[in-house]
Amino acid sequence: MAALGGLLLAMPAQAQQYWIRLESQVQTVAFRGVQPDSVLATDVVIGANGGRFTRGGFAVRCVSGQTYCSFFRPGQRRSGGPLMTTADFSVWGLGVEGLRFKGRSRLGVDLGDSDVWPGTDPAVQLIEGYLEYAKPRVTVQAGRTHVMSRFGYTGFDGAKGTARFLRGAVTTTLYGGWGLAYGVALPVSSPALNPLDEFQPRRRQLVAGGDAAWVLPWMRGRVLYERQVDPQSDAFVSERAGIDMVVRPPHGLTLSGGADYDLTSGWWGSAEATVGWSPVQAPASGRVGARRYRPHFELWTIWGAFNPVPYRALFGSVSVVPWQPIQLRARAETYAFDETETDIALVDVERTGWRVGLGTTFRRNRALGASVDYHIELGPGASSLGFDGRVTWSPIDDLDLTGSVANLKRALEFRFNDADVWQYGAAVEYSATERLRLYGGAFYYDERRDRGDAASFAWNQVRAHAGLRVVLGSPADQGSIHPAILRVPEGGGR
Amino acid sequence: MKPIAAVLALLSLTAILAARPSPQAFDHERHARLFPSCDQCHAGATTAGAALLPSPAQCAVCHNDQIRPRVDWAPPAEPRAGNLRFTHDAHPKLPCAMCHNTAGAERMQVQRTVITSCLGCHAGGAAHLEAPDAVCGTCHVPLARADRLQEEDIAGLPKPPSHDSAGWPTGAHGATAWDEANQTVATSCATCHARNFCATCHVDAPEQPAIQALEADPRSLVLHAELVPPASHAEGSFIGAHGAMSRPGGIACRTCHAQESCRTCHTGLPGITDSLAVRGDGRAAGAQTRRRAPANHTPEWKERHGVEAAARPETCATCHVRQDCLDCHRPSAAAAAGYHQPLFLARHPAAAYARQSDCSDCHNAGQFCATCHQAAGLVATDVLGAAYHDAKRVFIFGHGEAARQSLESCVSCHTERDCLLCHSVVRGRGFNPHGPGFDADRLRRKNAQMCTVCHGAAIPRGN
């Protein structure tokens, strides 16, 4: 940051360019969960169905020999009001061609009475912020940056460099630094990541990795490797290798696939192989494939030693335009978990599942469009089925009005709880100027949670949101546009 | 198109006309003894200006309801539709049997035409569709001048074998079509085709002399033709190599491609298509191309493209214009809202249990899942005797299967502490949590500290 400050001060102000996008959104949302409770075993009564209940009608769970039986009652209503503001910014014109500073930060506070919205602690988070030097043969970033790969999103404070050889046909990337936790721009030692007072590392892990890719217009193959090491114990937190490839032969085909291997556990992680078909000028396209999913746990935790098993899935999707304003689409997937070696006769747990989605979109012109989608998902743990439909009308170019209705039925395998939700909503988006966009909406939720005891309840609520997006930039006509974009010709349009 | 079209047309016409039912067909064989010579009825075959067919009065000499039943027949008002140049006047010295009888047949076993007789003199005895190219015009007029042929007649014209050869659609037919000696289109092509037909594929039709030498005739469109990509287009390297191939002196892209073909992808570089024609009258629309993402535009490309674009915007400019960038790098009406649909919060248990996608790519389980579940009362508070899993009466005994299948869901409410109550050697009951594929030695090598959580200092060897 000091170096950046020095650069900014050293360069004439008129040479510097900047681009900032601010997006701020506030919501009102309510939760109603459950409240654990207990009752003396001697106060439990036997219900008409032979089950055990409190005198108030709540189904209880009793363990032989214990004084108390436990149960859940509906929890209190808790309201959240998250206000999230994200700022993306880029500064260039620093006196060296190809040099820029790029950043993204977020401010999040919960204006509600319960402080329940996730991600608002700490209130200010730096998602990325790095100095970048980009030339045709090499790109270097230093600061808080990230790598996106089949391993997921790996953030770190360090450096990343990419070199290109053979006119870009071969690229190599190396990176390293102090890592951030998965899925968040906070170090693993942050208290915000430990709401349940779990074991937590005290020092950040060291991240190192790289990839080598061979890129041709019709194919791309890449091998990648990443390791994360706990500097305190000098032990591995994670070590993975992977490969992925995409081939685009003629006739609208796309073949893609990849796999990753967990070097710490000695097993294959997730993998997939897909064939896509999107023929020239045809009113249909489709995709079929197989995949395997296995969660990855870092060795900070003991979960990896519990041997989570993968599931294997076959999937496919198709999209057809039978006549121009109408698009029909369908997707399906069936999956089955591998053998867990834990079967017992007392408890039967689903091992297979499937999901299907059907939908159609009607769009006659820019001003009017409508879509309806139906989905059903049956499988272990939880199931759901429902539909959602929406109509969008744009009376003028800069204004979109959307009305929607949806229904969802949700059943949980391990719990007597069937939820049925109807949602009716309306939303509006308006581009006041090229640099200012406003949006908002309100959704009414009509929700019932059914059980066979007194824990059933119905509750309705309105969830509303409003936001704005502002773009600020250098005052010249095209000053807010990144110089790389200015090197792309305006062209004749399509 | 060599020997072909002429023979082709002759044969086809013969077939067409022969196939047409003729309710009043004259039975020559039954009348053999009545008519010792052909010119008794067909005077026009030997006498210039005379009628080729008899008059009804000649038939009525016998068919008068006294000798034989009357017949209702009259010669057609016009000669049959066709594309033949043939006239009997031009062949006065030939005996009728030469063309109307097969070898060895009785005199009155007549046919309309025995084509082999024509080909015997005019094509050196070649088969009809294999006759030399130049002789087609001897017997046939060009299609555009065969005024009385109907579209169904043209559609039924036989296809010469050469048209099915591998290289015919892409190159061979062009070499055949140009009559170098006479600097015009080959008569074989003109017999069955007209300019309109060629312009269904040829974007460069106005620049092709062979095509321009053909007369225009919209009836020719009844014959179907379609563009066939050359073999080079199927090669995997074609997308990358086509630029060099298309430069002056390279492959003639302009035959099948209009400028619009290229602009499907090359939106930002319109100048590079200047050597091609623009779609318009007299030209084919050209090959329909489709914009395809190169192989490096993988799902995470959205995340990575900035670095590549900043370093090499020229590469992007091959297919993109500035507006493509500005669609996202400036707010626009098309800007999308959040990743999940509005109802997803209610739906997320099903999606999370079955890992429809990898939640942890974007969400930290501690910060995101556990924080909310804690607020909603969905966390384990003590021993695992609570009633949350009340749909399974003895869930605790069978939880292992659910846990190994959906461990990510379990840890959104449970801590290690909960599990160690039973699954720890030093602090719990020593139930072994290790399952299929567990490699104890490897894990110990990679991170022995993790093993000590359950085993203390006495980490056992093996599984």
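Which residue of β5(A) does A:R21 stand opposite? The views below take up this pairing and several other parts of the structure, which is a predicted model.

**View 1. Strand β5 of chain A is paired with β1(A) and with β6(A).** Strand β1 (residues 17–40) and strand β5 (residues 82–92) of chain A run antiparallel and are joined by 10 bridges. The residue that stands opposite A:R21 is A:D88, in β5(A). Strand β5(A) also runs antiparallel to strand β6 (residues 99–110) of chain A, to which 11 bridges join it, and here A:P82 stands opposite A:D110 of β6(A). Six residues lie between the strands in the hairpin of β5(A) and β6(A), where A:G93 takes a positive phi near 75°.

**View 2. Chains A and B meet through 122 residues of chain A and 109 residues of chain B.** On the side of chain B that touches chain A, helix α18 (residues 395–405) of chain B gives the most, with nine residues. By residue type, this side of chain B divides into 51 nonpolar, 37 polar and 21 charged residues.

**View 3. Helix α18 of chain B is largely enclosed by the rest of the structure.** This description of α18(B) follows from its burial, because nine of its 11 residues are buried. The buried residues are B:F395, B:G398, B:H399, B:G400, B:E401, B:A402, B:A403, B:R404 and B:Q405. What covers these buried residues of α18(B) includes elements of both chains, namely β18 (326–337) of chain A and α19 (407–410) of chain B.

**View 4. The largest nonpolar core has 37 residues.** Within this core, the residues that touch the most other members are A:L180, A:A181, A:V184 and A:L186. The elements that give two or more residues to the core are β13 (235–247) of chain A and, from chain B, α17 (365–375) and α18. Helix α17(B) provides the largest share of this core, with six residues. As for A:A181, its contacts, leaving aside neighbours within four places in sequence, are A:L186, A:P187, A:V188, A:L193 and, from chain B, B:N364. Another core, of 28 residues, lies apart from this one, and its members include B:A146, B:A194, B:C198 and B:A205. As general background to such views, nonpolar side chains tend to be buried together in soluble globular proteins.

**View 5. A:G286 lies in strand β16 (residues 284–293) of chain A.** A:G286 has 17 other C-beta atoms within 10 Å, and it is therefore classed as partly exposed. When residues up to four places away in sequence are not counted, A:G286 touches A:W277, A:G316, A:S317 and A:V318. A:V275 is 11 residues from A:G286 along the chain, and the C-alpha atoms of the two residues are separated by 8.5 Å.

**View 6. B:A210 lies in helix α10 (residues 209–213) of chain B.** B:A210 counts as buried because it has 23 C-beta neighbours inside 10 Å. Its contacts, leaving aside neighbours within four places in sequence, are B:A177, B:W178 and B:V185. B:E180 and B:A210 are 30 residues apart in sequence, and their C-alpha atoms are 9.9 Å apart in space.

**View 7. Chain A contains two helices and 25 strands, whereas chain B contains 22 helices and two strands.** In chain A, 32% of the 494 residues count as buried, and in chain B the share is 33% of 463 residues. Among contacts with a separation of 6 or more, residues 24 or more positions apart account for 47% in chain A and for 64% in chain B.

**View 8. Confidence in chain A has a mean pLDDT of 87, with 92% of the residues reaching 70 or more.** Confidence in this chain is highest in strand β10 (residues 170–179), at a mean of 96, and lowest in helix α1 (residues 2–10), at a mean of 60. Over residues 476–480 of chain A the pLDDT is below 50, and this stretch has eight contacts in the model beyond near neighbours in sequence.

Note on methods. Residues numbered from 1 in each chain as written. Chains lettered and ligands numbered in written order. Predicted model: local features only at pLDDT ≥ 70, side-chain atom pairs only at ≥ 80, totals over all residues. Contact = placed C-beta atoms within 7 Å. Helix = DSSP H or I, 4+ residues; strand = E, 2+ residues; numbered from the N terminus. Nonpolar A, V, L, I, M, F, W, Y, C, P; charged D, E, K, R; others polar. Buried ≥ 20, exposed ≤ 12 C-beta atoms within 10 Å, placed from the backbone. Pairing = 2+ DSSP bridges. Core = buried A, V, L, I, M, F, W, Y, C linked by C-beta atoms within 7 Å. pLDDT = per-residue confidence, 0-100.
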